[in-house]
Structures are given as structure tokens and as C-alpha cells.
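Me: Please take me through this model, one feature at a time. Give me the general idea, then the case.

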Amino acid sequence: MRAYNETYLSHAADTLGTMMAFAVNDCGLDGDVFAHMFVVSGVAGQFERGNPKYIAGKSGAELFFDVVQKGAFDVETSASNYRDYRTADYWAGWALAQYQWFTAKTFASILRVLPFSEIVNLYPTLHEADITKFFDVASGIFERESPETNLKRIRGVAGLSQSGLAKEAGVALRSIQMYEQRKKDINKAQAVTLAKIARTLGCNVEDLLESEG
């Protein structure tokens, strides 16, 4: 389940993009390093939970300073003179926010598989495309870098197709597909959905969940 309404997404994504552009272009920080700061400071968690103060109440520069202050990081900062053009770092932050909202994955789990610098590298080919193209590319990377999901493995052992599981469990086929493709985080699925799937597959709900480690 997504943490906040889609009406906030445009502002939230712009704020995160502006934060990353300010960190890299104005303050001279490495994008991967600052993305890690964003996670360990706890600000990323506030974003993931849809805290209005963070997704709608701050500018990108203000979000940057929150990361630095909450994480007690010793970095040289700059007054904000964020440019009116969209840099590759802005786009990467913007796309990261969109993907986090779409999948409901944590920023930490996304960045472990798809570091910020790799998102920046996708800018030349994807920045003019619809954001769903980035979603497809990112999910493809997750599929290559990660083993098959617990759901897919257990479903295979049970001898059920995706459509068969969907029919027997009373769960939408598209949901089954998206959980197995990691386009939706099964750890954030509704309890009733997980219970239906587990009952059909003859396993515990915990067996379906994915490790964040």
C-alpha cells in the first residue's frame, strides 16, 4: 500500500530531485554519498511514510539541510542558487521518488540494487520518456540482481500458475504478477491479501515476505 496520495507525488518528486541537484551541483557532494546520508539520517523514512512535513512542506534545499542536521554530518554547505534547468541529478532524484512511491519499497532497498549514480547514468536515454519506462528498466534490474521472490518459488513448488493462484486465492492476477516482478513490495501488501495467498499455497504469511537485508 502506498504511503501517500498521488496528488502529493508531483511535489514530493520535485522536492527530492531539487534536494539531490542542490547536494551535487551546489554543494559538490557525491550523489551516492548524499543518497546514503538521506537514508541513514532518517529523513528517507519520513518520506516513505508520507509525512506531510517532508513530502509537501519543504523545499529541496530545506530537505537537504534537514538531512545534514538530523544526520549530524560534517559537510560544507552552500546558499541555495538552484538552477531553473533540470540537471541529470535532479531527474535521478525525481525518478527515485516516483519509483519509491510506485513500488512502496524503502529507499534503502532501492539504492542497494540501483545506486543513485546508476540512475543518473540512465538520464540520457530515459529523461524524455514516460516515467513508466524508467519503472520497467528499474524493475528489470531488480529481477536480474535479485533471486526469484519467495512468492514465485513457493507457487512453483505448489504447482500453480499465476492465474491459477489468482483464481483460487481470490486475488487479482495483476497483483500476483507485480509482486513476483517486484513492481510492488509484497511486504506492504494488505494482511487479508497475504492471508488468502498463504492459505492457498499452504504456507505461513511470513514465508511470503522478502528480506530487506
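Me: Which residues does Asp-66 touch, not counting residues up to four places away in sequence?

Reply: Contact means heavy atoms within 4.5 Å. By that rule, leaving out residues up to four places away, Asp-66 touches Val-43, Tyr-54, Lys-58 and Gly-71. A caution on the source: this is a predicted model, where local features need pLDDT of at least 70 and side-chain atom pairs count only at pLDDT 80 or more, while totals for chains, interfaces and linings use all residues. Residues are numbered from 1 along each chain as its sequence is written, and side-chain values use heavy atoms, with hydrogens and water left out.

Me: Where does Asp-66 lie? Buried or exposed?

Reply: Asp-66 lies in helix α5. Helices are DSSP runs (H or I, at least four residues), numbered from the N terminus; strands are E runs of at least two. Asp-66 has 11% relative accessibility, so it counts as buried. The cut-offs, with a 1.4 Å probe and protein chains only: buried is under 20% relative accessible area, exposed over 50%, partly exposed in between.

Me: What are the buried residues of helix α5?

Reply: Start with helix geometry. An α-helix has 3.6 residues a turn, so residues three or four places apart point the same way. Helix α5 covers residues 60-70, and its buried residues are Gly-60, Ala-61, Leu-63, Phe-64, Asp-66, Val-67 and Val-68. Their cover includes α1 (9-26), α2 (31-40), α3 and α4 (52-55). After α5 comes Ala-72, with a positive phi near 50°.

Me: With which residues is Met-19 in contact, leaving aside its neighbours within four places in sequence?

Reply: Met-19 belongs to helix α1. Its relative accessible area is 0%, so Met-19 is buried. Beyond its neighbours within four places, Met-19 contacts Phe-34, Phe-38, Gly-60, Leu-63, Phe-64 and Val-67. Between the C-alpha atoms of Met-19 and Phe-65 there are 9.1 Å in space, with 46 residues along the sequence.

Me: How far apart are the C-alpha atoms of Val-40 and Leu-173?

Reply: They are separated by 36 Å, with 133 residues along the chain. Val-40 sits in helix α2. At 48% relative accessibility, Val-40 is partly exposed.

Me: How many aromatic pairs does the structure hold?

Reply: A pair of aromatic rings is described by the distance of the centres and the angle of the planes. The structure holds 13 such pairs. Take Phe-47 and Phe-107: the centres are 6.1 Å apart and the planes at 70°, so the pair is edge-to-face. The rule covers rings of Phe, Tyr and Trp (its six-membered ring) with centres within 6.5 Å; planes under 30 degrees apart are stacked, over 60 edge-to-face, and the rest tilted. Phe-47 is in helix α3 (residues 43-48) and Phe-107 in helix α7 (residues 107-113), so the pair ties together parts 60 residues apart in sequence. Phe-47 and Phe-107 are both buried.

Me: What about Tyr-99 and Phe-134?

Reply: Tyr-99 and Phe-134 are also an edge-to-face pair, at 6.0 Å centre to centre and 80° between the planes. Tyr-99 is buried at 1% relative accessible area, and Phe-134 is buried at 2%.

Me: Which charged end sits over the ring of Phe-142?

Reply: That of Lys-105, 4.6 Å from the ring centre. The test is NZ of Lys or CZ of Arg within 6 Å of the ring centre and within 35 degrees of the ring normal. Lys-58 likewise lies over the face of Tyr-54, 5.6 Å from the ring centre.

Me: At what angle do α6 and α10 pack?

Reply: Two packed helices are described by the angle between their axes and the distance between the axes. For α6 and α10 the angle is about 75° and the axes are 10 Å apart. Axes are lines fitted to C-alpha atoms, for helices over the stretch in contact, and angles run from 0 to 180 degrees between N-to-C directions. The two helices are therefore roughly perpendicular. Under 35 degrees is roughly parallel, over 145 roughly antiparallel, 65 to 115 roughly perpendicular, and the rest oblique. In this packing, the α6 residues include Trp-91, Tyr-99 and Phe-102, and those of α10 include Phe-134, Phe-135 and Phe-142.

Me: And α12 with α13?

Reply: Helix α12 (residues 162-169) packs on helix α13 (residues 173-180) at about 125°, with axes 8 Å apart. They are therefore oblique. From α12, Gln-162, Ser-163, Leu-165 and Ala-166 meet Leu-173, Ile-176, Gln-177 and Glu-180 of α13.
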